[in-house]
Amino acid sequence: MRQWMGIVANRFEFKCAVCSVCDGRGCIGQMPGMGGVNNNKNFKLNFEGWKKLRQKAVSDGTIKSILSIPVETSAVRAGPVTGAVQNIGFEKEEYFYLPYFSAARYGDIGLCVGDGYPDYKLHYGLDAVRKLQKAEPDLKAAVFLKPYPNEKLFDRIEAARDVAEIIGNDIDSYNIETMRNLVQLEKKTPARISEIRKKISVPYALKGIFCKEDIELVKEVKPDIAFISNHGGRIDTREGSTAEFLAEYGKEIKKYCGEIWVDGGVRTRHDIQTALFYGASQVIIARPFVAALVSDGIGGMIKKIDEIILGEIID
């Protein structure tokens, strides 16, 4: 794999501006691209949310507790990313997945495989994990599938069976109008989710918990994992940050699931510690890793992982 350490850098015309701080100000209007909806409103709020929680912690005296939490690589995963051509600017979709996952594994963090349209986006991600399994036979990933009708989902579950340690539904993607209009997606009900869980033998995750309606769904289906996410600020079901949502509703959600995962605006070790303090078990990061990959190759992404987890990036 070492021959790939710099293969990504300077090869294509990437869309990411590689800002010194990935705060949502450099990619406004990029949809498709690296940006979000509403002039990156929630993207920016996600980034700011973790700092606001720490400012509050200074006032209420809990900041020392937050900053004393150890951060292990096992608590961090590379987020589910697809659309390498449309959103990132790769020449071909398949060029993205193996470098991205390879860097994550060199950095000793977990993997998330995403789903997309056309179907090859899912299969390129799965195939990249299979290639890494040749060196790491026990390697698995969390696989997040779009909320297709269950009949189509069952085929995707079968395709992912040898790769998936967790199967999840990306329920927030139903709220991306362009995606919903491009392919047939459905709003998942408890009954439909029950059908899905009968088809899998691994933990089940609900990804995209970001409004009170989603909390009610968690209460009904009691997933193994409730994944708080607003799709990186790319949906607009409500205005706000995943940080404030976790802080406000995390304790309530935890009563009805095994674990809480969260993504959105995580950029530093302090952000990870803040998420863990408020009840997250796993913290998912994508944009900073993608930016490092396209600017400095696999080696750059590995460095970024180390910088974030070891606390070399100061906020």
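**Stop one: helix 1 and helix 10**

This is a predicted model. Select residues 41-60 for helix 1 and residues 242-254 for helix 10: the two pack with their axes 7 Å apart, at an angle of about 45 degrees. An angle like that makes helix 1 oblique to helix 10. Now show side chains where they touch: helix 1 brings Asn46, Gly49, Trp50 and Leu53, and helix 10 answers with Thr242, Ala243, Leu246 and Ala247. Colour that contact by class and you get 5 nonpolar residues, 3 polar ones and no charged ones.

**Stop two: helix 5 and helix 6**

Next, pick residues 120-133 (helix 5) and 150-160 (helix 6), whose axes cross at roughly 20 degrees and come within 10 Å. Angles under 35 degrees count as roughly parallel, so helix 5 and helix 6 are roughly parallel to each other. The crossing of helix 5 past helix 6 is right-handed. Which residues meet here? From helix 5 they are Leu122, His123, Leu126 and Arg130, and from helix 6 they are Arg156, Ala159 and Ala160. By class, this contact of helix 5 with helix 6 has 4 nonpolar, 1 polar and 2 charged residues.

**Stop three: around helix 6**

Stay on helix 6 and select Asn150, Leu153, Arg156, Ile157 and Ala160, which are buried. These residues sit on the same side of helix 6 because they cover an arc of only 110 degrees around the axis. Their packing partners are helix 5, strand 3 (141-145), strand 4 (164-170) and helix 8 (190-198). Finally, look at the face turned away from the buried side of helix 6, where you'll find Glu151 and Asp155 exposed.

Methods:
Residues numbered from 1 in each chain as written. Predicted model: local features only at pLDDT ≥ 70, side-chain atom pairs only at ≥ 80, totals over all residues. Heavy atoms only, no water. Axes fitted to C-alpha atoms, helices over the stretch in contact; angles between N-to-C directions. Helix = DSSP H or I, 4+ residues; strand = E, 2+ residues; numbered from the N terminus. Parallel < 35°, antiparallel > 145°, perpendicular 65-115°, else oblique. Contact = heavy atoms within 4.5 Å. Nonpolar A, V, L, I, M, F, W, Y, C, P; charged D, E, K, R; others polar. Left-handed = near helix turned anticlockwise from the far one by under 90°. Buried < 20%, exposed > 50% of the residue type's maximum accessible area, 1.4 Å probe, protein only. Arc of directions from axis to C-beta.
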